[in-house]
Amino acid sequence: MNLEDLDKKYILSTYNKNYVNFITGKGSTLFNDDGVKFIDFSSGIGVNSVGHNNKKLTDALSEQINKIIHISNLQVIEPQVKLADKILKLAKYDGKVFFSNSGAEANEGAIKIARKYGSQNFDNIKYEIITLKNSFHGRTLATLKATGQTIMHKDYFAPYPDGFIYADDLDDIYNKINIKTVAVMIELIKGEGGVEALAIKEVQKLSNFLENKNILLIVDEVQTGVYRTGEFLASNIYNIAPDIITLAKGLGGGVPIGAILTKHKEIFQFGDHGSTFGGNYLSSTAGLIVLEILSDLKSSNELQNTINYFQNKLRSILKDNSKIFDEIVGYGLILGLKLKNHNLLNKIYEESFNENIIILKSGNNIIRFMPSLNISESEINEGFNRFNKLLLKIK
Ligand SMILES: *Cc1c(COP(=O)(O)O)cnc(C)c1O
């Protein structure tokens with residue numbers, strides 16, 4: 001049986017997937033089992049932040065694997081402590097950290113922190129969390145319900161955890177706030193919901209308003225965190241210090257890890273929360289090396305040069321294809337081309353596999369680009385040459 005048949009036979013059907021069989025990669029270049037070369041503009045949905053087969057990362061991981069992979073959180077874990085310290089310093093954030101294994105789990109923990117805060121600090125119990133329409137916060141029951149896309153709240157998964165309210169946009173959050181509101185949870189740039197960046201002034205206004213009302217601000221930076229926007233956190237661009245920030249995707253360079261940062265340092269006591277795997281030797285070593293590589297890229301200005309180069313290419317694509325695309329959305333290296341006709345979205349996406357480039361979709365009309373943060377100029381050139389060829393076929 002070939003790979004596609006085996007996949008269909010043994011793997012539960014949750015993704016409408018492509019069946020290219022990738023064998024090896026280097027940087028932002030991947031090779032399939034026929035040796036055919038692909039340019040990766042997706043970095044595994046923002047996970048491979050330092051590229052495939054990054055020698056610094058693989059060397060550090062091999063070294064760690066040869067010592068200890070895992071000891072439970074019943075013992076102190078040195079690389080985990082170092083990683084927390086590094087994250088808080090890079091984020092310029094005065095808080096504490098909890099490590100999970102994924103973005104949804106980080107958000108789940110953030111929801112628990114908000115609920116404990118709401119039950120401890122007020123006479124009436126506050127537990128409602130307001131989230132935004134078209135947001136994405138994960139696939140567990142609570143984070144799925146937190147996700148502001150009612151189409152995803154299938155009846156056959158009910159009952160869901162209670163207490164999630166959806167606001168149409170930033171302005172509407174003020175209308176939805178009530179006596180039971182404990183927190184507002186937002187993405188500053190909606191990764192899955194259209195790569196739309198919220199207005200900086202409006203977010204700062206909301207952040208101040210919530211602080212005055214003792215309502216928590218949770219910022220889901222699972223996709224935007226770890227230099228994706230050019231700064232360590234999108235929150236750094238917005239110049240806000242949310243009560244809770246969640247991270248995951250790019251943090252481990254491909255090794256699963258998530259993190260919750262909170263300024264409410266004493267919110268949890270023994271037994272309130274936990275994770276068997278969270279922040280083990282393997283994943284926190286990965287996080288440490290990834291942050292070392294990326295903070296070097298940032299301080300040497302290489303990251304900004306890569307961002308400028310990539311964005312310039314995108315601008316020329318937009319200029320040459322003004323009949324197909326409306327505008328460029330996003331920040332740093334979480335970018336999108338907005339289509340004038342959303343019917344082209346799937347066509348362009350499907351065609352990309354014939355041109356051997358990997359791109360992403362977002363919302364119903366955005367071609368999303370999230371390359372590794374160290375993608376080379378020649379890979380960018382080659383990727384966009386292929387993308388241009390694809391567009392010629394569409395026209
Ligand atoms: C990917 C993503 C999640 C979910 O992360 P998982 O690791 O898939 O659980 C949550 N929030 C945002 C903004 C994401 O992009």
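Glutamate 382 is partly exposed, with a relative accessible area of 26%, where partly exposed lies between buried (under 20% relative accessible area) and exposed (over 50%), computed with a 1.4 Å probe on protein chains only. This is a predicted model, in which local features need pLDDT of at least 70 and side-chain atom pairs count only at pLDDT 80 or more, while totals for chains, interfaces and linings use all residues. Residues are numbered from 1 along each chain as its sequence is written, and side-chain values use heavy atoms, with hydrogens and water left out. Glutamate 382 forms a salt bridge (a side-chain nitrogen of Lys or Arg within 4 Å of a carboxyl oxygen of Asp or Glu) with arginine 386, and their closest N and O atoms are 2.6 Å apart. The two residues are four apart in helix H13 (residues 377-394), a separation of about one helical turn; helices (H or I, at least four residues) and strands (E, at least two) are DSSP runs, numbered from the N terminus. Arginine 386 counts as buried, at 14% relative accessibility.

**A salt bridge between glutamate 128 and lysine 180.** The closest N and O atoms of this pair are 3.8 Å apart. Glutamate 128 lies in strand E5 (residues 128-132) and lysine 180 in the loop between helix H7 (170-176) and strand E7 (181-186), so the pair ties together parts that are 52 residues apart in sequence. Glutamate 128 is buried at 8% relative accessible area, whereas lysine 180 is partly exposed at 32%.

**Lysine 67 with glutamate 63.** These residues form a salt bridge whose closest N and O atoms are 3.8 Å apart, and lysine 67 is exposed, with a relative accessible area of 59%.
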